[in-house]
Amino acid sequence: MTFSRLFSIRGNAPIVLWRVLKIMNNSEAFAADVDAGTGALLASSAEATTLTGSTAFTNSEGNRAELFFRAERARLTFEDGELALLEGYASELTTCHCCNVGVVGQPYSLRAEKLLLYPDRLFVAYGITGRAAGVAIVWLPLYVQPLKETLEAPLFPAVGRSATHGWFAKWSLPFFASESLYGYVSIDAYPFTRELGLGGSVRYDVGGQEGELYVYRLPAKVGDSEAKVRLRHTSQFAEGWSATGALDYAQVGAKEKTTYSFALDGATRLGDVTLVASRALSSTQAAATHVEERLPELTLDVDALRFGTLSVQPRLAFGWRREGTLGETLDEAIRLVAQATIAAEPYDLAGLRLTPAASVRGAIYDGETGRTTQASFAITPGASIGDLDLSWSSTWVIGTSPLESDRASAGHVFRWSFSPSEPLDLVFRGSLDLAAGLGPLSVAVAWSAMADWKASGTFEPQDNAVTAFQLSGTWTDDTHTATWLLPWDASSGRFEKSTLELSAVTDPLSLSLAITADLARRAVSAWKVDAELTASGGWGLSAGAAYTAASRTLVPNFGLFQDIADCLRVGVEYAHRETWLYISILAFPEAVLRYAPRTFEVEVGD
């Protein structure tokens, strides 16, 4: 960013605030205390007025866009010399930048009475007003969005119609108490079926206690009812130690799954310790309930031991496991496991890059059938030379486990991968099991010959048959693109439905065509064509049609639109056998508002 206005800095070392000033752009005034000798930031906060700037972002379709902003006043709070909070007041935001006017004068803008930005953590906006040509058209009280994970609270409500429930209106209303306590309440209304789905989420992080509670319930009269509960709590109670408890419940129609779990994690002188207790139940209306339990299980991952070029990673585990189907005899046992993974540093020998590795594992089980043991030893050396990678795995097993999920299998398998890039881009993988014979062989070849081609297939030696094959490719120049995919169905011995997509963009016209064909029947099963013509002043025409052979339906669409300042589109279109008036923000593909005058239907979102 550049700085063209006067900065007022209290102190004698203005240059040292460059790291702080990087987030400021064209601020009329900026003030902060610094050390006169070292230039270190002394104040815990700083203030700026008339702050303007821009930032780039990537939208949901992967396209780059730019967001422009302006704040009448901003306040920055620092912790340990790092920015902890940016507060903006009377802020304006837009993706439009035209006409030599400010943010407010752009074709559309969003005004927030107050913005809170916790870097890399949380974004909060209060009193959001959406404007078109400076005229307010929509208002929202609050918007909350974490920056590291997703909070299922979209900016605008969703209104539309579903095939199962008819008309619906969905909105997630966020709330914000502090950086450590926020969430949302969700309301899903289906007026025609008289159904109401209610739910919400609360996230908290206070004094080393953090977690989330999420609930949702839809008692459906049409279709499947839904119920969900998700609870997670983590407690940081000592340096390097934490405890996490979780409950997950999900029910959709006749399917139901419940999982309880508790984990204690910490670091000791010997290594990392984990104590786990869990119970998982899953069932459907037609099947019995399957259960898996660990009540509890203690694991110690010992710090790796070094012996010259050798590294030994020990692991110990002790606990009680139970699994099986409720109503039947369950497999259960107390289990003690000791294992070690041994690896040597790679070294070169006769042109080969060798990576030796091995593991040893022993387990004792005490269950209803008495005491049993299982021991296994495996060597897994690897070698590579140029584009060829080789590996060998030999496993010897003595005894068996009463628990199906913990049974080891003996075997000796040789694997290879050959991936040269010249003269062809080739990947060839395969395996040889000394007991079962050759495993599946997979080949993928890519080359360029007037287009970029790729052929891939899998051969099953046991069946002496090709089990999968497909040919794909892409051709492109400055204005045209063509892509194709031809998959082979080995079970039927014929090609599956193949696709061809063509597009051309030559200002002011763009065309696209997508065809799905059944090559076995030599018939087109579906096609879709779209065209868009733009003229000076942002005016444009769109037209297209979609055809499905199975239902013999042809659905046309056409429309008239105008792009305003390359950021806003307004238009009228006939689509899905309905006439729509719409307005959309080009930088946000999901930000579309549609209205059907004939049926008074309103749709929000893409």
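1. Two strands pair if DSSP finds at least two bridges between them. In this predicted model, strand β10 (residues 181-190) and strand β11 (residues 195-206) are joined by ten bridges and run antiparallel.

2. The hairpin of β10 and β11 has four residues between the strands. In this hairpin, R194 takes a positive phi near 55°.

3. Strand β11 also pairs with strand β12 (residues 209-218). That pairing is antiparallel too, with nine bridges. Within it, G199 has Y216 of β12 as its bridge partner.

4. The hairpin of β11 and β12 has two residues between the strands. Here G207 takes a positive phi near 55°.

5. How many disulfides does a search of the whole structure find? The search returns one. It joins C96 to C567, with an S to S distance of 1.8 Å. The link of C96 and C567 is right-handed, with 90° about the S-S bond.

6. C96 has 1% relative accessibility, so C96 counts as buried. C567 is buried as well, with a relative accessible area of 2%. C98, at 18%, is also buried.

Conventions:
Residues numbered from 1 in each chain as written. Predicted model: local features only at pLDDT ≥ 70, side-chain atom pairs only at ≥ 80, totals over all residues. Heavy atoms only, no water. Disulfide = S-S within 2.5 Å. Buried < 20%, exposed > 50% of the residue type's maximum accessible area, 1.4 Å probe, protein only.
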